[in-house]
Amino acid sequence: MQKLLVSAVLLGSASALHVPVTSRSRPITMGTAADDMGIPCVGECDLPSYPKLPPSVHPGVVTGQALMDLLKDAKEKGYAIPAVNCVTSSSVNACLEAARKADAPIMIQFSSGGAQFYAGKGLDNKDYTAAIAGAVSGAYHVRAMAEQYGVPVVLHTDHCAKKLLPWMDGMLAASERYYKMHGEPLFSSHMLDLSEEPLEENIDICVEYMERMAKMDMLLEMELGITGGEEDGVNNEDANQEDLYTKPEEVWAVTKALMKVPNAKFTIAAAFGNVHGVYAPGNVKLTPKILKNSQAYISEQLGMPQGSMPVSFVFHGGSGSDINDIRESIGYGVIKMNIDTDTQWSYWDGIRAYEKENRDYLQGQIGNPEGADKPNKKYYDPRMPIRAAEKACAKRLMQAFEDLKCVGVLGLGDSKEPSNVLASSVYREAGARKGALPV
Ligand SMILES: [Zn+2]
């Protein structure tokens with residue numbers, strides 16, 4: 001079997017599609033996350049907006065109306081944003097670096113297992129406390145660093161099944177606290193995946209959470225149908241074939257229910273044969289037409305003209321997907337594609353290649369082909385293999401941006417190769433200190 005899952009992102013109620021663009025200023029007691037955290041801002045974190053995006057979209061984490069404006073821009077211009085599962089600050093940074101290189105927005109997401117890993121596997125995860133702490137910690141890292149890289153970031157969490165709801169409750173509590181202080185939620189959005197439950201229960205729980213999330217301007221991604229394959233310990237390799245394909249009537253049932261919630265912003269992950277993981281060619285049968293049929297059906301129910309695309313779809317299981325299926329899906333309103341397995345591989349492949357190239361320098365602290373007394377510190381410094389991993393991951397992500405037609409979306413143009421402040425006489429003379437940020 002192969003993998004790919006597609007979710008549909010519904011752009012909330014029809015009226016939400018036409019909400020006027022607002023500026024980033026809100027009743028917020030801070031300017032940027034960098035200000036709030038006392039991190040000096042040098043360069044693009046100060047950008048008020050981007051040349052090619054709606055003015056509400058700014059460097060850093062985007063939420064609420066800015067998020068809706070960004071998704072609408074993607075739908076209208078026909079691109080999708082890569083959503084990458086991250087497990088450490090290193091994988092987050094690789095994403096930010098790739099987004100800046102691609103001159104594009106990016107979505108950074110944590111699964112419950114990834115969030116727990118972010119906290120450290122040495123921490124007790126009883127009642128998902130480590131997964132909550134790790135997700136919140138990762139969120140603050142993303143908030144601090146996204147501005148420094150000058151890219152807009154959608155901060156999201158991945159599949160949350162019924163048993164994981166305490167994890168969701170903990171993250172929502174953190175956002176509610178953040179909202180009181182800053183007028184926006186800590187996270188941009190979360191995914192609820194109740195696709196294993198009966199449809200009615202799936203919808204009921206989503207409505208309950210949508211009500212809580214809408215109060216702080218958050219977006220909900222929900223799943224219909226099942227993503228096959230295996231990811232983050234959830235195994236759907238034996239799923240019923242017909243559950244891998246969502247029906248338009250189901251998309252409508254969810255849409256109708258969620259639209260009744262005031263200020264609802266939601267997306268629907270509708271399965272169209274998607275499978276998590278990468279398998280041999282020919283083992284995954286994607287049917288993007290399901291998305292097209294859903295758009296037509298929902299448009300009719302909403303009384304919208306033919307050819308409307310009221311639903312924004314999310315493509316789960318993007319790794320290993322055929323470019324033709326990806327592009328066809330974007331044509332039917334896919335604005336987000338999840339990519340995990342392929343970036344996992346690229347991260348590892350960077351380490352593998354580094355070790356292969358430097359193997360003779362990595363067998364002990366002292367002694368290499370240049371001499372029995374030569375020290376190897378600069379080879380086994382963890383930064384070396386980790387940086388190799390980040391580079392390989394960022395390179396793979398560039399391909400994802402290209403596949404999704406998401407290059408040059410911000411309009412900032414090519415980015416400079418980053419150089420550390422220590423190497424820049426300009427910044428040294430300006431008083432930059434050791435340990436300051438790359439510029
Ligand atoms: Zn998924």
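Predicted model: local features only at pLDDT ≥ 70, side-chain atom pairs only at ≥ 80, totals over all residues.
Colleague: Which residues of H4 and H5 meet?

Modeller: On the H4 side they are Ser112, Ala115, Gln116, Phe117, Tyr118 and Ala119. Their partners in H5 are Ala130, Ala131, Ala133, Gly134, Ala135, Ser137 and Gly138. Sorted by type, this contact between H4 and H5 has eight nonpolar residues, five polar ones and no charged ones.

Colleague: Could you give me the overall picture of the chain?

Modeller: Of course. The chain has 14 helices and 14 strands. It holds 439 residues, and 51% of them are buried. Among contacts with a separation of 6 or more, 73% join residues 24 or more positions apart.

Colleague: Let's take one residue, then. What makes Gly64 count as buried or exposed?

Modeller: We count C-beta neighbours. Gly64 has 22 of them inside 10 Å, and 20 or more is what burial requires, so Gly64 is buried. Gly64 belongs to helix H2, which covers residues 64-77. Setting aside neighbours within four places in sequence, Gly64 is in contact with Glu184 and Asp217. Ser188 is 124 residues away along the chain, yet the C-alpha atoms of Gly64 and Ser188 are separated by 7.1 Å.

Colleague: And Ala296, what makes it count as partly exposed?

Modeller: Ala296 has 17 C-beta neighbours inside 10 Å. Buried needs 20 or more and exposed needs 12 or fewer, so Ala296 falls in between and is partly exposed. Ala296 sits in helix H9. Its C-alpha atom is separated by 8.7 Å from that of Pro248, 48 residues apart along the chain.

Colleague: How do you know that the length of H9 agrees with what a helix should span?

Modeller: H9 runs over residues 289-302, and its 14 residues should span 20 Å at 1.5 Å a residue. The C-alpha atoms at its ends are 20 Å apart, so the two values agree.

Colleague: Which residues of H9 are buried, and why are they said to line one face of the helix?

Modeller: The buried ones are Ile290, Leu291, Ser294, Gln295 and Ile298. Looking down the axis of H9, these residues fall within an arc of 140°, so they line one face. Their cover includes helices H8 and H10 along with strands S9, S11 and S12. Just past the end of H9, Gly303 has a positive phi of about 70°.

Colleague: What about H8, how do you know that its buried residues line one face?

Modeller: In H8, the buried residues are Pro248, Val251, Val254, Thr255 and Leu258. They fall within an arc of 125° when seen down the axis of H8, so they line one face of the helix. These residues pack against helix H7, strand S6, strand S9 and helix H9. As for length, the 12 residues of H8 should span 16 Å, and its end C-alpha atoms are 16 Å apart, which agrees.

Colleague: Why is H3 described as mostly covered?

Modeller: In H3, 12 of the 14 residues are buried. Among them are Val92, Cys95, Leu96, Glu97, Arg100 and Lys101. The elements covering them include strands S2 and S3 and helices H5, H11 and H13. H3 reaches 20 Å from its first C-alpha to its last, close to the 20 Å expected.

Colleague: Where is Asp232, and is it buried or partly exposed?

Modeller: Asp232 lies in the loop between strands S7 and S8. Asp232 has 15 other C-beta atoms within 10 Å, so it is partly exposed. Although not a glycine, Asp232 has a positive phi of about 50°.

Conventions. Residues numbered from 1 in each chain as written. Contact = placed C-beta atoms within 7 Å. Helix = DSSP H or I, 4+ residues; strand = E, 2+ residues; numbered from the N terminus. Nonpolar A, V, L, I, M, F, W, Y, C, P; charged D, E, K, R; others polar. Expected span 1.5 Å × (residues − 1). Arc of directions from axis to C-beta.
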